[in-house]
Amino acid sequence: MNSTLVTSIAGGNTTKGDFAYACAEVEIWETIEEAVRIKASRARQLRNALLPIQQLPTEVVALVLRMAVAPFREEMHYYTILQQISGVCHRFRQIIHGTPTFWSRIDSSDPPHIVDEALKRSAVHALDVRYEYGMSLDIFTQKVAPHIGRCRKVEMDDHFMLNLEHMQKFLALPAPHLEQLILRSRMSVPGFLGEEICVEQATRLKELEIRGIPCRWEAAAFRGLESLRISHAYFQSFNQILGLLNHSPCLLRLELGYGMTIHDSPDIEPTFRQINLPLLRNLSFSLRDTRHRETISDCIQVPSCTDLHLDISGEEQDIPDHIARMAASWLGQVQPAIPNPRSISIAVAISDTTLTVPRDDGQGGLSLAITHYPDSSNATRVLEGVNRVIVDHLITSESSLQLDNEIFISLDDRNLLNELNRLPLVTRLDIKNTGDYPESSPDWTADEHGNIPLFPLLKLLRLYNQSEEWIVHIIRALFLSPNFGIKKRAVNVELYFLMEEEREQFLHAIADTIKGVIGEGNQLSFMLAPSE
């Protein structure tokens, strides 16, 4: 069939010559298009070469790129971000592909070919390895095992302890550069008698976190630690856990968390009755049994500890006594001793309370933080314990008080009100909305403001991130209360907002109303909250 017949069937009268001409014209334009593409590519390269960043040394550009990708390093799409940045220009691609540090993240959530490529491109650089989901632990550890000698961090989440055999096989390999080891499971170990993870050949290990994974606590690698975090673990005796602490005299941070089972033993070895941890700064207890907390606390010496955190179960009946005993054991060791502070800070929220004692020289201070079940009665018992600590160990005349909204609307609890009134005289009061704006408000009217603590020396009131309704309710509750005694002194009122638009809106909406409540003798300011 000739071309003329084809074009005729197609419904046209095109001849063979016309078709050949059209083909030639297409070829010419394609050639021009390719030439333009090449010219445009060269122009872009020239433009990119003249950008200021391209004038910088390669080492500086690599540093800038590392800073750009750092926030995404723990994200699933890290290597996607890396690929996008490498596509910006030829130089970026060369730097990223040729710099091992960009490829030092090895994560089981990445596709197998990405893991292989990262292991190859990271060359001899230290690796941060993480396993949680994706490929099986068996396949993942087979890929990483030849490189464990350069692993700096290993994090493994075996949610249901189904891969302990593969985990043990992997961690039994020599890891001379391993500094941080994190092993987690969702399971508790009330008395595990089966497979235990034993890490022996990691001589540089400094940070250890174990959650629900059975371990051989006497392992050589678990000595000389600087940070130790344990939860949902089983110990055969107090001697076993105290022995673990005794082998790490340079500990800086110690967290003993939930779900720990310590089999009671009648005797503690004499060598474990006074374990010296001279460098420990942060100490945290979340053990459910108060006896276990106090037994361990009595056996360790922590003269440098500045932060003590207690996670208290709401079911315990001796919360005030326990807080007082734990604080006495701690404060009796602190060196140098805290001199009598001029003022202290207390923050009371529905689920936690914090006592902060600053040093007069400005060189830090002490912090006692207690977390509890979110309930005003628990907050009251915790505050009773904090008041005992203040009376027994601190001589101070003033304090700053911070409340959250839920505590503020719980002031109808007479016991809570009494404990707030026992605090040293409050000169600054902060009331913070720590979540979204609550739908409810204090259920008070102008004639119902009796349940307010006595603040005879209050000089500054600050409200943070509050809704318009809450601001009006809090101001009215305080300034119309006969307990507040506002007519005897001047109080500065500062309202803090997250955004400038919000600040301007509230300034125009409620400024006159608030001034009418607080009176002319008190200063009112609308301010932007400082970024945290």
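C23 is partly exposed, at 38% relative accessible area, where partly exposed lies between buried (under 20%) and exposed (over 50%), computed with a 1.4 Å probe and protein chains only. The structure is a predicted model, in which local features need pLDDT of at least 70 and side-chain atom pairs count only at pLDDT 80 or more, while totals for chains, interfaces and linings use all residues. Residues are numbered from 1 along each chain as its sequence is written, and side-chain values use heavy atoms, without hydrogens and water.

| Residue | Relative accessible area | Class |
|---|---|---|
| C23 | 38% | partly exposed |
| W29 | 54% | exposed |
| C89 | 11% | buried |

The count of disulfides (pairs of cysteine sulfur atoms within 2.5 Å) is zero.

W29 belongs to helix α2, residues 16-49; helices are DSSP runs of H or I with at least four residues, numbered from the N terminus. Together with I28, I32 and V36, W29 forms a nonpolar surface patch of about 410 Å² accessible area. Such a patch joins nonpolar side chains within 5 Å, from residues with over 30% relative accessible area and no salt bridge (a Lys or Arg side-chain nitrogen within 4 Å of an Asp or Glu carboxyl oxygen).

Helix α10, residues 290-299, has seven of its ten residues buried, so it is largely enclosed by the rest of the structure. Among those buried are H292, R293 and E294.

Key. Patches are made of residues with over 30% relative accessible area and no salt bridge: like charges are joined within 9 Å, nonpolar side chains (Val, Leu, Ile, Met, Phe, Trp, Tyr) within 5 Å. Accessible areas come from the Shrake-Rupley method with a 1.4 Å probe; for residues, only the protein chains shown count as cover. Helices (H or I, at least four residues) and strands (E, at least two) are DSSP runs, numbered from the N terminus.
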